[in-house]
Amino acid sequence: MKRYYLIIHFLFLIILVIPCSAFSVSKEIKVVDFRGKELTFSKPVRRIVCLIESALSGIYMLGKEKNIIAVSTNVYTGDVFRYYALLDERIKNKSLPAPGSWEFVNIESVVALKPDVVIIWSKQTETIKSLEERGIPVFGVFINR
């Protein structure tokens, strides 16, 4: 449960519309993912590819679903579809791209979306490496129960 709150905390930091300058002199947003990697953003992210359903629910809880530009394929094929379809017409109509899941990610499809950040399982090391080599920030998540 503690990890879940950490995910929400991260999402809150990078999605928040309040300018960072209200909190400090620095205009950068810095977060540390579950790999221990620090990510730095010069502004709140606006384009999120979220390939983890549990993190996706956090984005909806924060009211920032408009920032989501792609979701996990599991959102369309799993039991959660009917719930997300009630929350978001784009999911109901299956109009949001679904470039992958925890099993496989189509790197070219993600790159074409030009995301500000990709939220993905931290154990997908090859995918993370490929995205980061292409200049795409990746927030790796891992939840221990």
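Two strands count as paired if DSSP finds at least two bridges between them, and I take strands (E, at least two residues) and helices (H or I, at least four) as DSSP runs numbered from the N terminus.

**What I am looking at.** This is a predicted model, where local features need pLDDT of at least 70, side-chain atom pairs count only at pLDDT 80 or more, and totals for chains, interfaces and linings use all residues. Residues are numbered from 1 along each chain as its sequence is written, and side-chain values use heavy atoms, with hydrogens and water left out.

**Confidence.** I checked pLDDT, the predictor's confidence in each residue from 0 to 100. The chain mean is 86, and 81% of the residues reach 70 or more. Residues 16–23 fall below 50, and this stretch has nine contacts in the model beyond near neighbours in sequence; a contact means heavy atoms within 4.5 Å. Where pLDDT is low, the predicted coordinates should not be read in detail.

**Strands 3 and 5.** I found three bridges joining these parallel strands. V49 has V118 of strand 5 as its bridge partner.

**Helix 7.** Which residues of helix 7 are buried? I get T127, I128 and L131, in a helix that covers residues 125–133. Buried is under 20% relative accessible area, exposed over 50%, and partly exposed in between (1.4 Å probe, protein chains only). The three span an arc of only 100 degrees around the axis, which puts them on the same side of helix 7; the arc is that of the directions from the helix axis to the C-beta atoms. T125, E126, K129 and E133 are exposed on the other side. The cover over the buried residues includes helix 6 (107–112), strand 5 and strand 6. After the helix comes G135, with a positive phi near 80 degrees.

**Helix 2.** Seven of its nine residues are buried, among them L56 and I59. L56 touches C50, I68, V71, V75 and Y84, leaving aside residues up to four places away in sequence. G63 follows helix 2 and has a positive phi near 75 degrees.

**Hairpin.** Strand 1 and strand 2 run antiparallel and are joined by four bridges. Five residues lie between them, and G36 in the turn has a positive phi of about 85 degrees. V32 stands opposite E38. On strand 2, E38 and T40 are on the uncovered face, while L39 and F41 are on the covered one.
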